[in-house]
Amino acid sequence: MGCFQKLFDGLLLVYFLFMAVIIPLFDGQSCIPRSFFPDILVNLKDIYAREYGDYLVAERPHFFVGLVGLELAFHWPLCLANLVGILGSKPWFPTTCLVYGVSLVTSMAAILPDLMWSSKSSDKLVMVYSPFLGIGVLAMLRGLLSHSRKTPFSAGGSRPSLVRKKRA
């Protein structure tokens with residue numbers, strides 16, 4: 001299991017590093033006024049929206065702006081915490097990773113059906129968003145697998161004894 005855990009941690013480390021930069025600089029433009037961002041970042045986001053036909057980024061529907069607000073308020077701090085957790089081998093990392101994964105999968109459960117059933121969306125755009133669902137599942141598995149090995153009853157198969165030793 002240690003090999004898979006190291007592989008998961010490596011993949012998640014790269015992802016969390018990427019998202020620690022992308023969330024505030026790129027995604028933040030969807031719910032923070034664009035005047036707060038340098039022109040190069042605004043132009044880069046416009047080029048992305050045109051190139052991939054990302055109507056969510058271009059049109060900014062209310063549900064998408066709400067999810068990006070959640071991402072700024074909740075996902076970004078968790079990304080930063082998870083970076084500290086991975087790099088510092090913190091014991092709370094599996095918990096924060098699990099929370100992040102559940103939240104990401106929930107967000108993608110709102111975005112992906114809209115992309116798949118919308119006449120505005122392309123297969124290219126679905127392929128841009130789909131990996132985030134996989135990362136969310138990976139983060140959940142990383143959190144769950146770490147917790148499942150630490151149960152107090154797994155070693156002996158029975159409850160710990162509460163019997164005290166007699167003093168002599």
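Q: Does Phe16 count as buried or exposed, and at what relative accessibility?

A: Before the case itself, note that this is a predicted model, in which local features need pLDDT of at least 70 and side-chain atom pairs count only at pLDDT 80 or more, while totals for chains, interfaces and linings use all residues. Residues are numbered from 1 along each chain as its sequence is written, and side-chain values use heavy atoms, with hydrogens and water left out. Buried means under 20% relative accessible area, exposed over 50%, and partly exposed in between, with a 1.4 Å probe and protein chains only. Phe16, at 0% relative accessibility, therefore counts as buried, and Tyr100, at 0%, counts as buried too.

Q: How are the rings of Phe16 and Tyr100 arranged?

A: A pair of aromatic rings is described by the distance of the centres and the angle of the planes. Rings of Phe, Tyr and Trp (its six-membered ring) pair if their centres lie within 6.5 Å, and planes under 30 degrees apart count as stacked, over 60 as edge-to-face and the rest as tilted. For Phe16 and Tyr100 the centres are 5.2 Å apart and the planes are at 80°, so the pair is edge-to-face. Because Phe16 lies in helix α1 and Tyr100 in helix α5 (residues 93-117), the pair ties together parts that are 84 residues apart in sequence; helices here are DSSP runs (H or I, at least four residues), numbered from the N terminus.

Q: How many aromatic pairs does the structure hold?

A: The structure holds 6 aromatic pairs. One of them joins Tyr15 and Phe132, whose ring centres are 6.3 Å apart with planes at 65°, so this pair is edge-to-face. Tyr15 in helix α1 (residues 2-25) and Phe132 in helix α6 (residues 123-148) are 117 residues apart, and the pair links these distant parts of the chain. Tyr15 is buried, at 8% relative accessible area, whereas Phe132 is partly exposed, at 22%. Ring pairs link Tyr15, Phe16, Tyr100 and Phe132 into a cluster.

Q: Over which ring does the charged end of Lys124 sit?

A: A charge sits over a ring if NZ of Lys or CZ of Arg is within 6 Å of the ring centre and within 35 degrees of the ring normal. The charged end of Lys124 sits over the ring of Tyr52, 4.8 Å from its centre, and that of Lys45 sits over the ring of Phe26, 5.2 Å from its centre.

Note on methods: Helices (H or I, at least four residues) and strands (E, at least two) are DSSP runs, numbered from the N terminus.
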